[in-house]
Every structure is written in C-alpha cells, then in structure tokens.
Amino acid sequence: MPLWPCRIRAQPEPIQRQTAVQGLQVRNRLVCRPPRPYNGAIFRNIFRFLGLGSMRASQYLIATLKETPSDAEVISHQLMLRAGLIRKVASGLYNWLPMGLRTLRKVERIVREEMDRSGAQEVLMPAIQPSELWQESGRWEQYGPELLRLRDRNDREFCVGPTHEEVITDMIRREVKSYKQLPANFYQIQTKFRDEIRPRFGIMRSREFIMKDAYSFHLGTESLQATYDLMYQTYNNIFNRVGLDFRPVLADTGSIGGNSSHEFHVLASSGEDDIAFSDSSDYAANVELAEALAPAGERAAATMDMHLVDTPDAKTIADLVKLHETPIEKTIKTLIVRASDECESDFVALLVRGDHELNELKAEKLALVAAPLTMASEDEFRPVIGAGAGSLGPVNMPIPCIVDRAVAMASDFGAGANIDGKHYFGINWGRDLELPQVADLRNVVEGDPSPDGQGTLSIRRGIEVGHIFQLGQKYSEALGATVLDENGKAKLMDMGCYGIGVSRVVASAIEQNHDEKGIIWPDAIAPFHVALVPLNYDKSDDVKALADRLYLDLQQAGYDVLLDDRKERPGVKFADMELIGIPHRVVISDRGIAAGTLEYKGRRDSENQDIAIDQLLATLADKLSI
RNA sequence: CGGAGUGUAGCGCAGCUUGGUAGCGCAUCUGGUUUGGGACCAGAGGGUCGUAGGUUCGAAUCCUAUCACUCCGACCA
C-alpha cells in the first residue's frame with residue numbers, strides 16, 4: 001500500500017499551543033474540512049512512518065565545533081555552524097549537513113501537511129525559467145540585478161527563479177479552462193535564488209534558500225478572499241505546530257498592490273523589521289504601516305507668550321533640548337520635501353514632534369507631496385525660506401505646511417523661526433498662527449494607543465518567515481490567464497500568493513530558542529527527539545544491553561532517537577547533545593542501573609531527574625509533544 | 001555601488017612594523033593512562049602564507065595589480 005494516503009488519513013488535529021500567539025489563532029477560525037477524530041493509538045503507530053528515524057552517533061556525522069567561526073554574526077548562524085548543521089560553500093550558499101537537513105525536512109513536512117490539509121495541491125516547477133515568461137509579465141526589465149540571468153548553449157536567456165508567478169500562471173492558463181475548476185491552490189517547496197547585494201546572517205539571508213510558495217486562482221475577489229483567509233489560518237497552524245512565538249502582522253502591499261497583505265513574523269531581537277502590536281488585542285502591523293492616532297483629549301491651553309530666542313548653537317533637536325531646557329515633546333522638527341504637481345509651491349514643509357520620526361510611506365501618500373518622497377537640499381530651499389535646516393518652523397513659513405496629529409495637539413511649543421540662529425518658543429496654534437493641514441505623518445512609538453482602539457502598542461523586532469497577499473489580476477492580465485464563466489465568456493482569474501521561507505524558519509527557531517550552551521529545539525522540529533547517552537557503553541555490558549534495548553523501545557514508540565554510543569567522555573557527549581539542541585536527554589549508567597533508574601533532563605531544565613527504568617516511556621509521553 | 005577591514009593547516013589565531021625560507025591552541029591519527037561535564041602524557045600527519053607580477057642574493061613580510069570573504073551604508077516581490 002502506498003504510504004502517502006495513509007499519512008493523510010492519520011493526521012492529527014494541529015496541536016493548539018498556548019505559548020504562541022495567545023488568542024490570535026481564534027481569529028477567523030476557518031474549517032476547511034470536518035475535523036477528524038483524534039486517535040492517539042493510530043497517531044503513535046503511524047508516527048513510526050512519519051519520523052525521520054533514529055541513529056547511532058558513532059555512525060552519524062556529528063560535526064560540532066568548539067570555536068565560533070569568525071564570520072558568523074548572528075546567534076543562529078553561529079550555532080548552526082557550531083552544531084554542525086550547515087557549512088558555507090560560498091557567499092550566501094550553504095551545504096546542509098545531515099543534522100541540519102533533518103530539521104529542515106521536519107519543517108517542510110509540517111508545511112506540506114498543513115498545506116495539503118487546506119486543500120492545496122503540490123506541484124514542482126523548474127528552478128530555471130525562460131526569459132520569455134518574464135518578458136511577458138514585464139519583470140525581465142523591472143527586476144534588477146537581484147535576478148540571476150544566464151544563457152544556455154543556444155544563447156537563449158534564462159533566470160534562476162526568485163519566485164514563480166510567471167511559471168505558475170503560464171501553467172494554469174494552459175491547464176485550467178473552466179470556472180468549474182476554480183478555485184484552486186497550487187504550492188511547491190523549492191529552491192529559490194535571489195542575488196542579494198549583501199547576503200548576511202547565514203541561512204537567514206542567503207542567496208539560495210528553500211521556500212514554500214503557493215498560488216491560488218479564482219473567479220472573483222470573494223473567492224480570493226476566502227482562500228486568503230484559509231491561508232491565514234493555515235499559516236497560524238503551521239507556525240504553531242513548529243512551536244514558534246510569532247505574530248501575523250498587517251503589511252504593506254508594496255508595488256503589487258491588492259487589498260490586503262499579512263506578514264508572519266517570528267519575534268526575535270535580531271529581526272530586521274519593527275513590529276508594532278497591541279498589548280490587549282490581536283492588532284499587529286509593520287511599524288511603517290501602523291496608524292499613529294491623535295493624542296487623546298483636548299489641546300492644553302496656552303500659558304506662554306510667543307517669543308523669539310537666539311539659538312546660534314542649536315542646530316538639532318538634541319541641541320535645543322539640551323541648551324534651552326525644553327522638553328523634547330515641546331519641540332517641533334520641520335522637514336522640507338519636494339511637492340507634487342498639485343501643489344502651487346515647489347516644496348512642502350512636514351512637521352513632526354522632536355521625539356517622533358517621519359514615516360516616509362505615509363508622507364508620500366499625501367496629495368501635496370511628491371512620490372517617491374524626496375528631501376529637499378538646503379541649497380534648494382534656502383532661497384525660498386531664507387534659513388537653513390536647523391532653524392525651520394511653521395511661523396512665517398512661505399510654503400505649505402502639513403503637521404502631524406501630535407503636533408496639532410501641542411501647545412507652548414518651540415520651533416525654528418525661519419531666521420538662521422533663532423527659534424520661537426511658546427508657540428500656540430490659533431493664537432500665533434493658523435493650524436494648517438493635519439495628517440498622520442510619523443512612525444508609531446512604544447506606548448502609543450493601538451489603532452484598533454484597544455490597548456497600547458509595543459514594538460518588537462521580527463523575522464519575516466511568511467507573507468500572504470492578494471495579487472489580483474496583475475499576472476493573469478499580463479499573461480492572459482482566463483477561464484470561461486457561466487455565460488461562456490472569458491474572464492481573467494484573480495490570484496493570491498502565499499510564501500513561507502522554509503530555511504529561514506529553521507534559523508528563526510534558533511534565534512528564538514537558544515542559551516549559552518547551544519540550540520534548544522522545539523520538539524516538532526528537533527533533529528532527534530531524544531538523546532540516549534550511555535556512559536561506558538563500550539565497557540559495561542549492563543549499560544550497553546539497556547541502552548540497546550531502550551533504543552529499540554523508543555523507536556517502537558515512534559521517537560527519533562540519537563544513541564550516543566561514541567567512545568567519548570561524558571562531558572563531551574553532554575556538551576555535544578546540548579549544542580545540537582536535542583530537547584530530551586536520557587542518561588544510562590551503571591550507577592543508575594544498580595538503583596533501577598535512568599536520568600532524565602529536558603534541555604531547558606536546570607536539574608536532572610531520576611526516573612524508574614520502566615517509567616521512561618510514560619515520562620517521555622508526558623514531556624514530549626509531537 | 002560607496003566606506004572600512006581580512007585572506008597564513010579543517011577551525012581560531014600569532015608572525016609582517018625592522019625581509020633570512022613558518023609557528024601556537026583546538027581538531028585529526030598512533031600508543032598509553034584516564035572515564036559523570038569539552039582529560040593527560042608521548043609521538044605523528046597536515047600549509048603553493050588567496051592569486052599574479054615586481055623589488056631583492058633572498059619575500060608570509062616591501063611594492064603593484066587582481067580575486068575572494070567579512071562588516072557598515074544604499075537595496076530587499
């Protein structure tokens with residue numbers, strides 16, 4: 001009998017983990033198929049087939065290093081090298097050694113199972129793609145040097161695929177003819193290549209990487225939205241099963257456009273993106289996107305007269321605060337940017353509070369502001385305003401001003417006087433000058449109210465491991481991918497696109513789960529579940545007999561076991577197993593056998609625990625969640 | 001692409017200023033002693049000093065070019 005259908009039938013419900021995304025997975029709980037009854041016996045039994053198998057350490061490549069290679073910057077890169085999971089072949093290119101590949105395969109398997117469960121169909125497309133398709137979509141020109149292009153012996157042009165919209169759209173326009181075949185969702189787990197300007201952080205930002213990409217096809221945006229929601233749920237299931245602390249966050253739809261887009265971020269201090277999320281709701285967004293609400297309440301009444309002060313040494317907000325003892329929230333930064341054609345002036349002044357940062361995305365969406373956002377140079381604006389960058393402000397500003405919501409709420413504030421070396425203090429809107437146009441101009445900061453009205457925002461770093469978004473008809477239109485509708489008329493398909501950086505998930509799991517001794521794998525993706533560490537395996541017949549027996553018993557029970565039968569001293573074995581990050585360790589010794597016990601230690605535990613030999617399976621069943 | 005830096009044994013590094021023909025620790029192999037937290041002793045193997053050219057009696061060392069890698073920045077469906 002083929003194994004594959006058995007697998008599907010025997011799948012357990014995804015394990016709900018309380019540790020990750022508290023409360024988030026309840027959102028839009030979509031049931032794609034009736035839940036199957038959980039049958040522990042079948043699960044356990046079948047798991048034997050699902051496991052990657054057990055190994056004896058003496059016959060396995062344990063490529064641990066004592067010292068950290070000098071070019072490894074982030075912790076996941078260092079530990080992946082030290083634990084012998086990967087080795088660098090060239091910049092941004094890595095070998096996966098056996099130990100690392102096991103984890104990669106386990107992540108892949110979880111992704112595959114959950115994608116299959118959602119009803120998506122697995123395909124495999126070529127890594128090398130013909131230029132013709134990219135020319136059809138227009139991306140042959142659009143995509144910069146990040147697209148690795150090459151020629152074959154016949155001088156035809158190809159690229160190494162960084163993504164597969166063109167190929168899948170081409171495939172579907174040939175195969176799918178009728179609305180009756182929709183909706184449909186196709187995915188692959190494949191090697192991608194992006195010729196990054198600067199690969200770094202090891203597997204986190206390599207040039208070649210493994211990605212799960214899925215593309216869905218629809219007639220109508222409602223159907224697209226339904227599959228989008230299903231993928232949103234599927235991604236939550238996947239990252240919960242992997243065992244990561246993550247957040248789905250609202251993301252910029254970027255150059256593709258479309259209605260909505262979510263990125264899935266693993267929270268880790270080494271992340272490259274800032275994520276803002278509410279402390280009391282499921283709101284989360286890329287900091288670039290999070291709306292900065294107006295401060296609550298009324299503007300405070302004026303208590304000072306506006307007065308001009310000589311500030312020859314205050315070129316920056318920091319100087320102003322230091323030299324003139326002004327609270328930073330009472331200062332205003334004035335930034336001059338190029339104006340759009342709609343504006344009668346060449347420039348526009350954008351005002352944010354001294355302690356806030358301009359959000360360029362928000363600014364360039366304003367009608368009066370030229371996109372892309374371009375800061376004006378002092379040479380350009382000095383003739384118009386008559387002052388340099390350190391002395392700008394709203395009072396007597398000859399060009400249109402747009403002020404941030406927080407600026408609009410300020411009173412008694414200080415700002416440049418548009419005269420070199422002078423600032424006004426005690427400025428108040430309405431009394432000293434008219435309040436100009438108000439807009440959301442700034443990045444949110446820690447402690448701001450959440451845009452959904454519930455709670456306040458925290459900001460943490462995140463590693464993007466997944467991204468889902470709606471492509472709409474961009475590619476179906478470019479490539480002419482149509483189906484016939486009920487009336488026999490050709491209609492362009494709507495498309496969605498859903499990616500997971502599979503190899504990056506491995507690195508991000510380490511970023512989130514490690515200590516000074518090494519990696520601490522979540523059970524679900526650990527290369528081995530249990531490290532069996534016999535002491536004196538080569539000398540003691542009792543130890544050897546028991547270790548061999550337990551090795552078989554644990555395999556029977558469905559665990560992936562690494563039996564460390566190497567002729568090494570105990571300290572070496574312990575250190576290696578901890579560095580590699582095997583989450584459960586069982587030590588077998590003559591001393592223990594005499595007392596009828598084994599020693600159990602979870603990777604995060606600080607103390608060993610003696611357990612009766614016949615209690616091992618029960619203990620592991622209790623400690624291990626797979 | 002701009003800025004900075006590094007290339008010496010599998011890994012981490014010294015040697016370079018002041019040229020004299022390569023060394024340390026870890027790892028590996030052999031023998032012995034050890035054996036509950038990365039052992040010890042004795043011995044061994046392993047290097048075109050990134051590459052090419054130049055200066056010199058002589059270059060890891062000085063000069064020139066070049067390649068690779070790393071870091072910071074710009075970039076990132």
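Helices and strands here are DSSP runs, helices being H or I with at least four residues and strands E with at least two, and they are numbered from the N terminus. This is a predicted model, where local features need pLDDT of at least 70, side-chain atom pairs count only at pLDDT 80 or more, and totals for chains, interfaces and linings use all residues. Residues are numbered from 1 along each chain as its sequence is written, chains are lettered from A and ligands numbered from 1 in the order in which they are written, and side-chain values use heavy atoms, with hydrogens and water left out.

I start with the RNA. Two elements, α16 (570–580) and β29 (584–588), each supply at least two residues of the surface near RNA strand B. A residue is near a molecule or strand if one of its heavy atoms lies within 4 Å of it. The largest giver is α16, with seven residues. In total, 36 residues surround RNA strand B, and the closest are Arg198, Arg205, Glu578, Ser589 and Glu599. Of the atoms of RNA strand B that come within 4 Å of the protein, 42% belong to sugar and phosphate.

What is the make-up of that surface in nonpolar, polar and charged residues? It has 17 charged, twelve nonpolar and seven polar residues. For this count, Ala, Val, Leu, Ile, Met, Phe, Trp, Tyr, Cys and Pro are nonpolar, Asp, Glu, Lys and Arg are charged, and the others, Gly among them, are polar.

Now some individual distances to the RNA. Glutamate 578 has a polar side-chain atom 2.2 Å from a base nitrogen of RNA strand B. For aspartate 576, an N or O atom of the side chain is 2.8 Å from a base nitrogen of RNA strand B. Lysine 66 places a polar side-chain atom 3.1 Å from a sugar or linking oxygen of RNA strand B.

Next, the sheets. Two strands are said to pair if DSSP finds at least two bridges between them. One open sheet has six strands in the order β1-β28-β27-β29-β30-β31, with mixed pairing. Its edge strands are β1 (55–56) and β31 (609–612), each pairing on one side only. At the β31 end, β30 (597–602) pairs with β31 in the antiparallel sense over four bridges, and leucine 598 has isoleucine 611 as its bridge partner in β31.

Strand β15 (332–338) pairs with β16 in the antiparallel sense over seven bridges, with isoleucine 332 opposite arginine 353. Strand β17 (401–404) runs parallel to β16, joined to it by three bridges, and here leucine 350 stands opposite isoleucine 402.

Then β7 (157–160), which pairs with β5 (128–130) in the antiparallel sense over three bridges. It also pairs with β6 (148–151), again antiparallel, over four bridges. Phenylalanine 158 in β7 stands opposite proline 130 and is also the bridge partner of leucine 150. β6 and β7 form a hairpin with five residues between them, and aspartate 155 in the turn has a positive phi of about 70°.

One helix: α8 (221–242). It has 22 residues and reaches 31 Å from its first C-alpha to its last, close to the expected 32 Å, which is 1.5 Å times one less than its number of residues. Of the 22 residues, 17 are buried. Glycine 243 follows α8 and has a positive phi, near 95°.

Aspartate 448 lies in the loop between β20 (437–439) and β21 (457–472). Aspartate 448 is buried because its relative accessible area is 11%. Its side chain makes a polar contact with the side chain of arginine 442 at 2.9 Å. Such a contact is a pair of N or O atoms within 3.5 Å; within protein, one must be able to donate a hydrogen and the other to accept it, and residues adjacent in sequence count only if both atoms are side-chain atoms.

Terms used
Buried < 20%, exposed > 50% of the residue type's maximum accessible area, 1.4 Å probe, protein only.
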